[in-house]
Amino acid sequence: MRYAEPGRGGDVRPDTPGPGGRPLRVHFATSEVYPLVKVGGLGDVAQALPKSLAQRGHQVELFLPRYTGLPAGEPVAELAVTAGSVRATLQVADQGRYDGVRYYTVGPTGPVPWNRPEGYVEKDLASFVLFSRALALLATRDGWRPDAVHCNDWHVGHLPAYLRTLDAECRSVLTIHNLAYQGLFPQTKASELGLTAYGTGNLLAQGIRYADVVTTVSERYRDETLSPLRGCGLDELLRSRGDDYQGVLNGVDYDQFDPATDSHLPAGYDVDDMAGKAVCKAELQRASGLPTEPDRPLVAFVGRLVKQKGVELLLEHIDELADLDVQLVVVGRGERFERTFARAARFHPNLAFHPDSGEAIARLTYAGSDLFLAPSEFEPCGLAPLIALRYGSVPVVRRVGGMAQTVADTGLGFSFADGDRSGLLTAVRESVTRQRGDRGWTRLRDRAMRARFTWDEAAARYERLYRPPARPASSANADEQPERYR
Ligand code: GLC
């Protein structure tokens, strides 16, 4: 679905651009953006945060690699990029304006664009190094110079490091959406791409070391990543950044995720008129081959079927969950787990499995379910349970990362402790009992639906980070240059 055609979707509002005055020009570098390319939560963030910044009066330009299948766009600049022995001419092409934000693709001029990302697989390192260098060069070019470059995840981890070597005047902000993926490369590749001067064979680590500011997507996950348990080998480096490593909680785009207007749903609803939710539930039951039983609690999981999402814990308890008097709907893709869920669904008549990562079934499942499972082993923010709240599907989460902060601490849903193997089952039992007996259920669901985690608040935080600090930077590495350039 293309929700906003270029040129449509709200031009920049001449709002006051927050404290600090003048509007900023921001280059937003990302490997995905919904709806053009979406792998996971980063795609939603890349759509919503620039939009929110634009609504606050800033000029935001978004840069995406030119993958196979994307339109060629309107060429606006060409850059000669070198990385070690690799040379390429990369073209910047205008892809139009979405929600007040100009989108560009950057990629080879020839007929062979870069591969599309398949899940969160770390490959195509060379393409991302070239992409990063192109954006760094652009940031120093007349007519383009931004105040800040906002880099997202390992794909553009090299960008802040390379910016330093160019003596660019703009600020660099690196946001970590998932510390588990780092863009690792062997020594031979490092030499080939001329990266040996930047320290470790790890693109994310380069970004953490050289960005002016590093953020991750919730305060709680920030704190967790400072310990060896959740630091994925980078905790020491993260600790070394002190206050220049911050947590900024993601928001939800409540225009995008609104059960009253969601075009994927057979009927709209909102907290004051819930009739449509019953229609959505019946439709989800039908689409899942489950009996249409309005009063039977419907428990759902929507997400990538990977270890991080707690799929192993879910499978460990799948028989016991199916033995509860509920209906279970699991939606997601992920090779090895797909087979196991498919088998479980054949065995349990009240369990349905959709091996699908499409937006349509995801939205119907948020809307048609009563409870939403998020048993993730770790979760930097966890947008899915926040979206579930809005659709009146009460989350049951493991108390980790962003979910501990947004769902457990606020009492907006049910939760279980990390390390409690039977916690998931206990929490689901408790929530089902609450739902059945309506012991405060309606009140709980209403609170969930009314809760707001807005992008505007996050955008205001980033805005401050994009501006140079008034005081000289306190961080030890403020003047650090990659070795070769000292
Ligand atoms: C990643 C994280 C998820 C977060 C999303 C957007 O997918 O795993 O927790 O919500 O990025 O920041």
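In the ligand site, the side chain of His177 places an N or O atom 2.7 Å from an oxygen atom of the ligand. This is a predicted model, in which local features need pLDDT of at least 70, side-chain atom pairs count only at pLDDT 80 or more, and totals for chains, interfaces and linings use all residues. Residues are numbered from 1 along each chain as its sequence is written, and side-chain values use heavy atoms, with hydrogens and water left out.

| Residue and part | Distance to a ligand oxygen atom |
|---|---|
| His177, side chain | 2.7 Å |
| Asn250, side chain | 2.8 Å |
| Pro380, backbone | 3.4 Å |

On its own the ligand has 310 Å² of accessible area, and the protein covers 98% of this; such areas come from the Shrake-Rupley method with a 1.4 Å probe, and for residues only the protein chains shown count as cover. There are 14 residues around the ligand, and those that come nearest are His177, Asn250, Glu379, Cys381 and Gly382; a residue is near if one of its heavy atoms lies within 4 Å. Helix α1 (residues 41-55) contributes the most to this shell, with 3 residues. Helices are DSSP runs (H or I, at least four residues), numbered from the N terminus.

The largest nonpolar core has 118 residues, and Phe63 and Val92 are among those with the most contacts inside it. A nonpolar core is a set of buried Ala, Val, Leu, Ile, Met, Phe, Trp, Tyr and Cys residues joined through side-chain atoms within 4.5 Å. Buried means under 20% relative accessible area, exposed over 50%, and partly exposed in between (1.4 Å probe, protein chains only). Helix α2 (residues 125-138) supplies the largest share of this core, 9 residues. The core lies between domain 1 (25-251 + 457-469) and domain 2 (275-450), because both give residues to it; the domain bounds come from an automatic or database assignment. A second, separate core of 32 residues includes Phe301 and Leu373.

Gln405 is located in helix α14 (residues 401-408). Gln405 is buried, at a relative accessible area of 19%. The side chains of Gln405 and Glu219 form a polar contact of 2.7 Å, and the Gln405 side chain also reaches the backbone nitrogen of Arg220 at 3.0 Å.

Definitions and conventions:
Helices (H or I, at least four residues) and strands (E, at least two) are DSSP runs, numbered from the N terminus. A polar contact is a pair of N or O atoms within 3.5 Å; within protein, one must be able to donate a hydrogen and the other to accept it, and residues adjacent in sequence count only if both atoms are side-chain atoms.
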